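Thanks for coming, everyone. I have one structure to walk through today. Have a look at it first, then I'll talk.

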Amino acid sequence: QVQLVESGGGLVQAGGSLRLSCAASGRTFSSAPMGWFRQAPGKEREFVAGISWSSSRTDYADSVNGRFTISRDNAKNTMYLQMNSLKPEDTAVYYCAKGPLFRGRGYVPRSVHEYDSWGQGTQVTVSS
């Protein structure tokens, strides 16, 4: 079972930037798609961005497309989320998650139910 630890959250003004990191333990990280999700108070957890195990494909929610960039470094067992032009509506707890092993090079699931390991989350607060 892989363990995931997020870092990099914090308080930022609207228009600012943050970079989240997700450090993974274990040897399965490089064989699985990874995703970022977020959950605001009173709302369901939602897909933000995902990346295939090979980094050949990335996927973004419409609300963040063009502002956020997902990447990964399999040699370091780490995934990143660069968040630019942040808005107050981006305020949420951000979670990283690991998807199923041994899928196609471009496989990037969006459903929360397809991810089997989750980090504890990191708070991102964007002030107006």
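Let me start with a term. Two strands pair if DSSP finds at least two bridges between them. Strands themselves are DSSP runs of E, at least two residues long, and they are numbered from the N terminus.

Now the ground rules. This is a predicted model, where local features need pLDDT of at least 70, side-chain atom pairs count only at pLDDT 80 or more, and totals for chains, interfaces and linings use all residues. Residues are numbered from 1 along each chain as its sequence is written, and side-chain values use heavy atoms, with hydrogens and water left out.

Start with strand 8. Which strands does strand 8 run antiparallel to? On one side of the pairing list we have strand 3, joined to strand 8 by 6 bridges and antiparallel to it. Within strand 8, T78 stands opposite A23. Then there is strand 7, again antiparallel, again with 6 bridges to strand 8. Here M79 of strand 8 stands opposite R72.

Is strand 8 enclosed or open? Of its 6 residues, 5 are buried, so the rest of the structure largely encloses it. By buried I mean under 20% relative accessible area; exposed is over 50%, and partly exposed is in between, using a 1.4 Å probe and protein chains only.

Strands 7 and 8 form a hairpin, with 4 residues between them. Look at N77 in that turn. Its phi is positive, about 55°, although N77 is not a glycine. N77 counts as buried, because its relative accessibility is 19%.

There is another residue of this kind, S85. Its phi is near 50°, a positive value, and it is not glycine either. S85 is in the loop between strand 8 and strand 9. With a relative accessible area of 41%, S85 is partly exposed.

Next, the core. Nonpolar side chains tend to be buried together in soluble globular proteins. A nonpolar core here is a set of buried Ala, Val, Leu, Ile, Met, Phe, Trp, Tyr and Cys residues joined through side-chain atoms within 4.5 Å. The largest one has 28 residues. W36, M79, L81, M83 and Y94 have the most contacts inside it. Strands 3, 4, 5, 7, 8, 9 and 11 each give two or more residues to this core. Strand 3 supplies the largest share, 4 residues.

On to the disulfide, meaning a pair of cysteine sulfur atoms within 2.5 Å. How many does a search of the whole structure find? It finds 1. C22 is joined to C96, S to S at 2.1 Å. C22 lies in strand 3 and C96 in strand 9, so the pair ties together parts that are 74 residues apart in sequence. The torsion about the S-S bond is about 60°, so this disulfide is right-handed. Both C22 and C96 are buried.

Now the aromatics. Rings of Phe, Tyr and Trp (its six-membered ring) pair if their centres lie within 6.5 Å; planes under 30 degrees apart are stacked, over 60 edge-to-face, and the rest tilted. The structure holds 4 such pairs. Take F37 and F47. Their ring centres are 5.7 Å apart and their planes sit at 80°, so this pair is edge-to-face. F37 is in strand 4 and F47 in strand 5, so the pair links parts 10 residues apart in sequence. F37 is buried at 0% relative accessibility. F47 is buried too, at 10%.

Some rings carry a charge. The test is NZ of Lys or CZ of Arg within 6 Å of the ring centre and within 35 degrees of the ring normal. R45 lies over the face of Y95, 3.7 Å from the ring centre. R72, the residue opposite M79, has its charged end over the ring of F29, 4.5 Å from the centre.

Last, two polar contacts. That means a pair of N or O atoms within 3.5 Å; within protein, one must be able to donate a hydrogen and the other to accept it, and residues adjacent in sequence count only if both atoms are side-chain atoms. The side chains of D59 and R110 make one at 2.6 Å. D59 is in strand 6 and is buried, at 12%. The side chains of S117 and D116 make another, at 3.4 Å. S117 is in strand 10, buried at 4% relative accessibility.
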